[in-house]
Amino acid sequence: MKKEQALDLYRQFNIAMAADDVAALEKLLAPGFSLTHMTGYVQSRAEWLGQIKDGQMHYFSSREESVVATATADGWQVTGRNRVLADINGSGKHEWGLNTVMPVGEINGERLILKAVVTPY
């Protein structure tokens, strides 16, 4: 996988998340994907996508501020900062500055996002 492809996965993830596009996210995320929220809660792929489907997690936009990709032994680690507008569990629209660390790699020839760890900035 090339650096540009790793960066593209990160950007596709943010576009799909901001559109609540579960079908697109399913194609981007590895079967064992987990999302560590800014609260520290680690959520499985199935649970997170289920909460997007049922509206508990509703995303409105994601605006990239910076992103870098660093080669690792088995793929890339993409680290990006985005301003994300979302309504989480009916709390109302809020914007957060989110730093996302995202290992990406290949599984059975497919370029996939392995996990995402999100912290506020």
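Q: In what order do the elements of the protein chain run from the N terminus on?
A: From the N terminus on, the order in the protein chain is α-α-β-β-α-β-β-β-β-β, which amounts to three helices and seven strands. Helices (H or I, at least four residues) and strands (E, at least two) are DSSP runs, numbered from the N terminus. This is a predicted model, in which local features need pLDDT of at least 70 and side-chain atom pairs count only at pLDDT 80 or more, while totals for chains, interfaces and linings use all residues. Residues are numbered from 1 along each chain as its sequence is written, and side-chain values use heavy atoms, with hydrogens and water left out.

Q: What share of the residues counts as buried?
A: Of the 121 residues of the protein chain, 40% are buried, where buried means under 20% relative accessible area, exposed over 50%, and partly exposed in between (1.4 Å probe, protein chains only).

Q: Let's turn to the strands: how do β3 and β4 pair?
A: Strand β3 (residues 57-72) and strand β4 (residues 75-88) are antiparallel, with 14 bridges between them; two strands count as paired if DSSP finds at least two bridges between them. They form a hairpin that has two residues between the strands. Within this pairing, Ser66 stands opposite Arg81 in β4, and Thr72 has Gly75 of β4 as its bridge partner.

Q: How many bridges join β4 to β5?
A: Twelve bridges join β4 to β5, and these strands run antiparallel.

Q: What is phi of Asn89 like, in the hairpin of β4 and β5?
A: That hairpin has four residues between its strands, and Asn89 takes a positive phi near 55 degrees there, although Asn89 is not a glycine. Asn89 lies in the loop between β4 and β5 (93-107).

Q: Is Asn89 buried or exposed?
A: Asn89 counts as exposed, because its relative accessibility is 52%.

Q: Where is Asp20, by the way?
A: Asp20 is in the loop between α1 (3-18) and α2 (22-28), and its phi is near 50 degrees, a positive value in a residue other than glycine. With a relative accessible area of 19%, Asp20 is buried.

Q: Which residues does Leu112 touch?
A: Not counting residues up to four places away in sequence, Leu112 touches Leu9, Lys27, Leu28, Leu29, Ala30, Pro31, Val104, Gly105 and Ile107, where contact means heavy atoms within 4.5 Å. Leu112 is found in strand β6 (residues 110-113) and counts as buried, at 5% relative accessibility. Leu112 and Val22, which are 90 residues apart in sequence, are 15 Å apart in space, C-alpha to C-alpha.

Q: And what about Ser34, which strand is that in?
A: Ser34 is in strand β1 (residues 34-36), and at 18% relative accessibility it counts as buried. Leaving aside neighbours within four places in sequence, Ser34 is in contact with Val42, Gln43, Leu114, Lys115 and Ala116. Ser34 and Arg45 are eleven residues apart in sequence, with 5.4 Å between their C-alpha atoms.

Q: Back to the whole protein chain: of the contacts between residues at least 6 apart in sequence, what share joins residues at least 24 apart?
A: Among those contacts in the protein chain, the share joining residues at least 24 apart is 48%.
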